[in-house]
Amino acid sequence: MTHVYCPECGFQSPEAANYCARCGAALLPQSGGETTLSLSPEEVAAAEGSLPEQLAQEGSVLVVRAGGGRAGETFAPTGERTLIGRSPECDVFLDDVTVSRRHAEILRGDDRFTIRDLGSLNGTFVNRRRIESTVLEDDDEVQIGKYRLTFLRR
């Protein structure tokens, strides 16, 4: 049996489902075809600041995979402390009621990143396990409220 993943919350649903059983979002059927893109040399030169190059230059980032219609957005942890939450004052602003105002923080130190839950109501999950605090590794999946993010260490 094949499955479809919800573009909003990432919930796995049967392929025949039209709406997500968890959040009610419309499920978009995946097209089986591929798309080919042709670029002129001028367009290739203009794309020099593309996302893969930016990620390589920025170092470690959180990439939104699903939730809130923000898939593809990236957040680079800056400084020694990066605050994640629903408050506009947070470094990573996730505007949804499933996210606490001050939900979690990422701490940088000794060439590693640690994520710590700040007593949030819905919890912070890394690789589908609820955590209080843990060291982030490359390709770890972080879930905060309905947002699923991937931690990339470059």
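Colleague: What makes strand 7 and strand 8 a hairpin in this model?

Modeller: The model is predicted. In it, two residues lie between strand 7 and strand 8. The two strands pair in the antiparallel sense, over six bridges.

Colleague: Which way do strand 5 and strand 7 run?

Modeller: Antiparallel. Four bridges join strand 5, residues 81-85, to strand 7, residues 104-109. Thr82 has Ile106 as its bridge partner in strand 7. Arg81 has Leu107.

Colleague: Why is Glu105 called buried?

Modeller: Its relative accessible area is 2%. The cut-off for buried is under 20%, so Glu105 is buried. Glu105 sits in strand 7.

Colleague: What does Glu105 touch, leaving out residues up to four places away in sequence?

Modeller: Arg81, Thr82, Leu83, Thr114, Ile115, Arg116 and Leu118.

Colleague: What makes the link between Glu105 and Arg81 a polar contact?

Modeller: The distance between their side chains is 2.4 Å. The limit is 3.5 Å, between N or O atoms, with one able to donate a hydrogen and the other to accept it. A polar contact of 2.3 Å also joins the side chains of Glu105 and Arg116.

Colleague: How far apart are the C-alpha atoms of Glu105 and Cys90?

Modeller: They are separated by 9.5 Å. Along the chain, the two are 15 residues apart.

Colleague: Which strands are the edges of the five-stranded sheet?

Modeller: The order of this open sheet is 6-5-7-8-11, with mixed pairing. Strand 6 (92-93) and strand 11 (133-136) are the edges, since each pairs on one side only.

Colleague: Why do strand 4 and strand 10 count as edges?

Modeller: They belong to an open sheet of six strands, ordered 4-3-13-12-9-10, with antiparallel pairing. Strand 4 (74-75) and strand 10 (129-131) each have a single partner strand, so one side of each lacks a neighbour in the sheet. Within this sheet, five bridges pair strand 3 (residues 61-66) with strand 13 (residues 147-152). Val64 has Leu149 as its bridge partner in strand 13.

Colleague: Which members of the largest nonpolar core touch the most other members?

Modeller: Leu62, Ile115 and Leu136, out of 19 residues. Strand 3, strand 7, strand 8 (112-117), strand 12 (140-144) and strand 13 each give two or more residues to this core. Strand 13 gives the most, with three.

Colleague: What is Leu62 in contact with, leaving aside neighbours within four places in sequence?

Modeller: Glu73, Thr74, Phe75, Ile84, Ile106, Val142, Leu149, Thr150 and Phe151.

Definitions and conventions
Residues are numbered from 1 along each chain as its sequence is written. This is a predicted model: local features need pLDDT of at least 70, side-chain atom pairs count only at pLDDT 80 or more; totals for chains, interfaces and linings use all residues. Side-chain values use heavy atoms; hydrogens and water are left out. Two strands pair if DSSP finds at least two bridges between them. A nonpolar core is a set of buried Ala, Val, Leu, Ile, Met, Phe, Trp, Tyr and Cys residues joined through side-chain atoms within 4.5 Å. Buried means under 20% relative accessible area, exposed over 50%, partly exposed in between (1.4 Å probe, protein chains only). Contact means heavy atoms within 4.5 Å.
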